[in-house]
Amino acid sequence: MKNKAVKIGRNLPCPCGSGKKFKNCCRNMKKEISIKEEYKNRYDIILKEPHQIEGIRESGKLLLSILDRVEEMIKPGLKTDEINTFVHKETINAGAVPAPLNYRGFPKSVCVSVNDVICHGIPGDRILKDGDIVNVDITPILNGYYSDASKTFFVGTPTNDGKKIVAVAAESLKQGIEIVKPGATLGDIGHAIQHYAESRGCSVVREFVGHGVGLEFHEQPQVLHFGSPGKGTVLVPGMVFTIEPMINLGKKELHVLEDKWTALTNDGSLSAQFEQTILVTETGWESLTPYDL
């Protein structure tokens, strides 16, 4: 005995979950498409296959090994360009490529952002001083796979302001990651980060966001670190993206220098950032660049 097809009214909500009426969505589709095809067609999001996830995970292992050794280097008197030289050498020696180098004209292999530099700091002659904070953001390409992560470090003895902003930035990332699971939305992540950071008297940078990653440096979706719960794209297994909140001790406004890269707080307040590459799993999340927060 054959099952009868269920007829869906043309004005009823489409069962695909788009929120549109059936007549304006899937009614005229000639074949059912997979979630992977739907997310590519609708959002330009590439859901990763198991072998691709493993490639990103291996890239992440290399990234963390380099980042751990950078942490050992951090001390007063160190030139930021010495960090670049080390990251470049270690990346190349591992058979990988530093993704930032020459990306849209960026002149170095790593971003090094000190104190009031929010992100995209260009390594150079600047010498780290006792009490500084410094973010190091690394992205290697290993066997064609990208991973992306950063940490903010203390230089010498931290100041009270330094301790506060680094702690808030680290916890902001943790709060965002813990939201990730199938059925949650990108807006849920942004809301959790914004609510936490602002509850501590800090601000969230709007101009720079997290992003899909893995097969390219920057993929869809964009991951805002502020927003409203329930809004934005629904998370599904196989999504891989960075969460990388940039948190200011003062106000959120910024400006970019004439080099077209270096972004600083307008009020000169400290800014800190932590970043990890996150996979949406069947039951929750996995960091492909894991470190303790």
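**Close-up 1. F106 and W261, two buried aromatic residues.** F106 is buried, and W261 is buried as well. This close-up, like those that follow, comes from a predicted model.

**Close-up 2. The tilted pair of Y103 and F217.** The rings of Y103 and F217 form an aromatic pair described as tilted, with 4.8 Å from centre to centre and 55° between the planes. Y103 belongs to the loop between strand 1 (97–98) and strand 2 (111–114), while F217 belongs to the loop between strand 9 (210–212) and strand 10 (219–223), so the pair ties together parts that are 114 residues apart in sequence. Y103 is partly exposed, having a relative accessible area of 22%, whereas F217 is buried, with a relative accessible area of 10%.

**Close-up 3. The edge-to-face pair of F106 and W261.** F106 and W261 form an aromatic pair that is edge-to-face, with 5.1 Å from centre to centre and 85° between the planes. The pair links distant parts of the chain, 155 residues apart, since F106 lies in the loop between strand 1 and strand 2 and W261 in the loop between strand 13 (254–256) and strand 14 (263–265).

**Close-up 4. An aromatic cluster.** Y103 and F217 also belong, together with Y146, to one aromatic cluster.

**Close-up 5. Charged ends over rings.** The charged end of K151 sits over the ring of Y291, at 4.6 Å from the ring centre. In another part of this view, the charged end of R206 sits over the ring of F226, at 4.7 Å from the centre of that ring.

Terms used: Residues are numbered from 1 along each chain as its sequence is written. This is a predicted model: local features need pLDDT of at least 70, side-chain atom pairs count only at pLDDT 80 or more; totals for chains, interfaces and linings use all residues. Side-chain values use heavy atoms; hydrogens and water are left out. Rings of Phe, Tyr and Trp (its six-membered ring) pair if their centres lie within 6.5 Å; planes under 30 degrees apart count as stacked, over 60 as edge-to-face and the rest as tilted. Helices (H or I, at least four residues) and strands (E, at least two) are DSSP runs, numbered from the N terminus. Buried means under 20% relative accessible area, exposed over 50%, partly exposed in between (1.4 Å probe, protein chains only). A charge sits over a ring if NZ of Lys or CZ of Arg is within 6 Å of the ring centre and within 35 degrees of the ring normal.
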